[in-house]
Amino acid sequence: MSVIAAALARHCPDGVPLGVAVSGGGDSLALLLALAEVGGRPLHAVTVDHGLRPEAAAEARFVAQVCARLGVSHDTLTWGGWQGRGNLQDAARQARYRLIADWARVRGIGHVALGHARDDQAETLLLRLARGSGVDGLSGMAPRRRMGGIAWLRPLLEIPRADLRVWLRDRGQDWIEDPSNDDPRFDRVRARAALAALAPLGVDPAGLAATAARLAEARAALEHYTVQAAGRIVCQDRGDLLLARAGLRDLPAEIARRLSLAALRWVASAPYGPRAEALTKALETLENAPRVTLHGCLITCEGDNLRIAREPAAVAETVAPPGTPWDGRWQVSGPGQGGETVRALGESGLAACPDWRAAGSPRQSLLASPAVWAGDRLVAAPLAGWPQGWRATPLPGFADWLVSH
């Protein structure tokens, strides 16, 4: 078994549909061909055309032709969201993940493989080192990460980019070189050049990737103890989390930070937490104030606990059909007649719930809770004592989410 085939066997599940993101570059094309060669699973390829270069459409057609030859289904997704402001590469990356996740969910695909190689891992570590990242950042990219309801797989992280090119040449397969890979305006290109300059000192992709792997082990240990701490001091109250203040203070600073960030991420249904400085400032503010907002959440001092709830303003415009996720973590179902939508309860909805106080949730929490509407008419408020046959369930619960993340 080749090194590439062994990597796929370790990281890619058999017998289930697998998506593979293919740009046409050497890394992702090697991943596509290797997956098609080993078989064992339904394979679906996807290419994202960001609309930023005139060659992109032709590159997507090139990938489609390769897929047709391999007998692999292929779709091209387009993005037109760049407004010419901010960090282009970061905006394109986020759009790419979002588009591919939506594509995968529609097709019933739970796993998507990405073609990141060992060189990408080394460049990522160098960039995060420059930003002053801690253990999480310096542990690099994980071979498996769950985000947006999709398991993102990086089975080639231990394989050098040059080896993937050799593997493609042996099979007579061309690939596309993206000219932006040589554009010094981009941080990753400068990181690549810095690695070349550092090589005489022994700082090379192999060594940096090994360092990232060791830090990933340290991160796993920290996450283990964070899960244990959550079991002792965190209580889920419907869509809110209650953190015992004394228990939080008694934790080692790093575990307390991780647990607080995880709680904020779960309540906000966010892929990332707030910056460490913002969290520190918010907790300091709570020493002298009853509440503070952070990361789309409302943190309130409530007796011996900190209550972390969704900030009403953060979900004021969030709308979803019943039976689909609302705000990323609520599933609302019931005896619909057609035409209903799920929106935040808000002030007008709460006023229509005569027994909301008996529900036992704080007023601010209920304002941000999911409710069923038919136009401007409130149909049901499952968490505010007016269910009318409807039910709202968090997806998933915090304990399960923390273990999986």
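Helix 11 gives the largest share of the lining of the second largest pocket, four residues; helices are DSSP runs of H or I of at least four residues and strands runs of E of at least two, numbered from the N terminus. The model is predicted, with local features requiring pLDDT of at least 70 and side-chain atom pairs pLDDT 80 or more, while totals for chains, interfaces and linings use all residues. Residues are numbered from 1 along each chain as its sequence is written, and side-chain values use heavy atoms, without hydrogens and water.

**Second largest pocket**
- The volume of this pocket is about 290 Å³, taken as the space filled by probe spheres set on grid points joined across faces, edges and corners.
- A pocket is an open set of points on a 1 Å grid, with protein on both sides within 12 Å along at least five of seven lines, and lining residues have an atom within 4 Å of a point.
- Of the 13 lining residues, Arg-245, Leu-248, Arg-249, Leu-283 and Glu-287 are the closest to the centre.
- Helix 10 (245-250), helix 11 and helix 12 each give two or more residues to the lining.
- The lining comprises eight nonpolar, one polar and four charged residues.

**Nonpolar cores**
- Leu-259 and Phe-398 touch the most other members of the largest nonpolar core, which has 31 residues; such a core joins buried (under 20% relative accessible area, 1.4 Å probe, protein chains only) Ala, Val, Leu, Ile, Met, Phe, Trp, Tyr and Cys residues through side-chain atoms within 4.5 Å.
- Helix 11 contributes ten residues, the largest share of this core.
- A second, separate core of 30 residues includes Cys-12, Val-22, Leu-29 and Val-66.

Key
Buried means under 20% relative accessible area, exposed over 50%, partly exposed in between (1.4 Å probe, protein chains only). On a 1 Å grid over the protein atoms alone, a cavity is a set of points where a 1.4 Å probe fits but cannot get out, and a pocket is an open set with protein on both sides within 12 Å along at least five of seven lines; lining residues have an atom within 4 Å of a point. Ala, Val, Leu, Ile, Met, Phe, Trp, Tyr, Cys and Pro count as nonpolar, Asp, Glu, Lys and Arg as charged, and the others, Gly among them, as polar.
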